[in-house]
Amino acid sequence: MDRLRSGLLLGIAGFAVLALAGCGRNGPLEPPPGPAVPTASVSQAPLTQPDGTPIPGSPQDTAMRTGFDAQGRPVATAGPKRSFILDPLLQ
């Protein structure tokens, strides 16, 4: 009888923990506290030539030649487009 009672209490406690784990606020993510970081202004000039290659001297051209962007972060090359089994759901 004592084992049954402790098992029941453990089950109730587990249910309460799972029920309270679902509590929270629904909605979009909130920004972190603190001042907002100002964004750099971006020029609206096209940075590619009509054939799709970057204009010489542009940040994209520099990144293609060196493999790093203006901040020194590595730039990934474009990979081949591969299909996925769930692609028809997205189209």
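Student: What should I know before starting?

Tutor: This is a predicted model: local features need pLDDT of at least 70, side-chain atom pairs count only at pLDDT 80 or more, and totals for chains, interfaces and linings use all residues. Residues are numbered from 1 along each chain as its sequence is written, and side-chain values use heavy atoms, with hydrogens and water left out.

Student: What is the mean pLDDT of the protein chain?

Tutor: First the idea: pLDDT is the predictor's confidence in each residue, from 0 to 100. Where pLDDT is low, the predicted coordinates should not be read in detail. Here the mean is 78, and 84% of the residues reach 70 or more. Among the elements, α1 has the highest mean pLDDT (88) and α2 the lowest (76).

Student: How many helices and strands are there?

Tutor: Helices (H or I, at least four residues) and strands (E, at least two) are DSSP runs, numbered from the N terminus. This chain has 3 helices and 0 strands. The order from the N terminus is α-α-α.

Student: Why does the span of α1 agree with its 20 residues?

Tutor: The expected span of a helix is 1.5 Å times one less than its number of residues. For α1 that should be 28 Å, and its end C-alpha atoms are 29 Å apart, so the two agree.

Student: How many residues of α1 are buried?

Tutor: Buried means under 20% relative accessible area, exposed over 50%, and partly exposed in between (1.4 Å probe, protein chains only). In α1 the count of buried residues is 0. Across the 91 residues of the chain, buried ones make up 4%.

Student: Which residues make the nonpolar surface patch?

Tutor: Like charges are joined within 9 Å, nonpolar side chains (Val, Leu, Ile, Met, Phe, Trp, Tyr) within 5 Å. Areas come from the Shrake-Rupley method with a 1.4 Å probe; for residues, only the protein chains shown count as cover. Here F84, I85, L86, L89 and L90 make a patch of about 640 Å². I85 sits in the loop between α2 (59-66) and α3 (87-90). I85 is exposed because its relative accessible area is 72%.

Student: Which residues does T48 contact?

Tutor: Contact means heavy atoms within 4.5 Å. T48 lies in the loop between α1 (2-21) and α2. Leaving aside neighbours within four places in sequence, T48 contacts T53, P54 and I55. T48 is partly exposed, at 44%.

Methods. Patches are made of residues with over 30% relative accessible area and no salt bridge: like charges are joined within 9 Å, nonpolar side chains (Val, Leu, Ile, Met, Phe, Trp, Tyr) within 5 Å. A salt bridge is a side-chain nitrogen of Lys or Arg within 4 Å of a carboxyl oxygen of Asp or Glu.
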